[in-house]
Each structure stands twice: as C-alpha cells, then as structure tokens.
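Open the structure in your viewer and keep the sequence panel beside it. The stops below say what to select and what is there.

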Amino acid sequence: MEPRDETLFRTKLRLDDGSAYPATIVNVSPHGLMARCDAVVAVGDLVAVTLPVVGDFSAEVRWTLGGRIGCRLTREVPPALYQFAVAAMR
C-alpha cells in the first residue's frame with residue numbers, strides 16, 4: 001500500500017447511471033482515494049470524480065465499509081501535478 005495524504009475535500013461522486021452523491025475525500029494517493037459517501041456502490045463499480053488541478057478521473061471501487069469507500073484510480077495523477085492537487089484538497 002502506498003502512502004496516503006490526508007485531505008478534507010468535498011466533491012461529488014458520479015455513478016454510471018448518471019446519479020451524483022456528495023462525498024468527502026479524506027485521503028488520496030497518486031493511484032487512489034478514500035471517501036465518505038452515502039452512495040450505494042459495490043466492489044468493482046466504476047465511479048467518476050473531479051479532482052482540483054488535475055480534472056476528471058474514473059476510479060474502481062475496491063472496498064466499502066460503513067459509509068466509506070476505497071477506490072483505485074484508473075490512471076495515475078500526473079506526478080508533476082500531484083502536490084498541487086493535494087494542496088488544493090486541504
């Protein structure tokens with residue numbers, strides 16, 4: 001598991017059916033994130049999220065537990081921009 005940066009970034013998770021749910025990203029890495037969200041998702045579902053500085057990303061849900069979800073981004077946050085994205089999420 002790679003190190004995570006703590007954040008407190010409010011955004012929306014968008015599901016394949018077009019619905020969107022408020023979410024708070026509580027930690028992030030160049031390859032994934034953990035969020036608090038009331039969306040009903042299952043392991044393997046794809047969600048979309050917009051991150052500051054770097055834009056739209058899709059992510060695969062890897063786990064869910066009590067209103068929290070862990071996701072693996074389908075592409076890496078560009079290394080040259082990662083620190084700026086994290087700073088904008090704090």
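Select D5 and colour it by accessibility: D5 is partly exposed, with a relative accessible area of 25%. Here buried means under 20% relative accessible area and exposed over 50%, with partly exposed in between, using a 1.4 Å probe and protein chains only. D5 and R90 form a salt bridge, and their closest N and O atoms are 3.7 Å apart. The term salt bridge stands for a side-chain nitrogen of Lys or Arg within 4 Å of a carboxyl oxygen of Asp or Glu. This pair joins distant parts of the chain, since D5 is in strand 1 and R90 in the segment after helix 1, 85 residues apart. Helices (H or I, at least four residues) and strands (E, at least two) are DSSP runs, numbered from the N terminus.

Before going on, note what kind of model this is. It is a predicted model, in which local features need pLDDT of at least 70 and side-chain atom pairs count only at pLDDT 80 or more, while totals for chains, interfaces and linings use all residues. Residues are numbered from 1 along each chain as its sequence is written, and side-chain values use heavy atoms, with hydrogens and water left out.

How many salt bridges does the structure hold? There are 2 salt bridges. For another of them, select R14 and D56, whose closest N and O atoms are 3.8 Å apart. This pair also links distant parts of the chain, with R14 in strand 1 and D56 in strand 5, 42 residues apart. R14 is partly exposed at a relative accessible area of 29%, and D56 is partly exposed at 47%. Side chains of opposite charge can pair when their charged atoms come close.

Switch to a cartoon view of the whole chain. The chain has 1 helix and 6 strands, and from the N terminus on the elements run β-β-β-β-β-β-α. The 6 strands make a closed barrel in the order 1-2-3-6-5-4, with antiparallel pairing. Two strands pair if DSSP finds at least two bridges between them. On average, neighbouring strands of this sheet are turned by 45° against each other, direction ignored. Helix 1 (residues 79-89) packs on the sheet and touches strand 1 (5-15), strand 2 (20-29) and strand 4 (46-51), and its direction makes about 90° with that of strand 1. Axes are lines fitted to C-alpha atoms, for helices over the stretch in contact, and angles run from 0 to 180 degrees between N-to-C directions.

Next, select residues 55-65 and 68-73. These are strand 5 and strand 6, which pair in the antiparallel sense over 6 bridges. Within the pairing, A59 stands opposite L73 in strand 6, and L65 has R68 in strand 6 as its bridge partner. The hairpin of strand 5 and strand 6 has 2 residues between the strands, and G66 takes a positive phi near 50° there. Strand 6 also pairs with strand 3 (residues 32-37), in the antiparallel sense over 5 bridges. In this case look for L33, which stands opposite C71 in strand 6.

Move to V53, in the loop between strand 4 and strand 5. Its phi is near 75°, a positive value in a residue other than glycine. Most residues other than glycine have a negative phi. V53 counts as exposed at 52% relative accessibility.

Is T11 buried or exposed? T11, in strand 1, is buried, with a relative accessible area of 16%. Leaving aside neighbours within four places in sequence, T11 is in contact with Y21, P22, A23, I25, V49 and T50. Contact means heavy atoms within 4.5 Å.

Finish by showing the C-alpha trace. Along its principal axes the trace spans about 35 × 25 × 20 Å. With 90 residues, a compact globule would have a radius of gyration near 12 Å, and the chain agrees at 12 Å. That radius is taken over C-alpha atoms, and the globule rule is 2.2 Å times the number of residues to the power 0.38. Of the 90 residues, 41% count as buried. Among contacts with a separation of 6 or more, 47% come from residues 24 or more positions apart.
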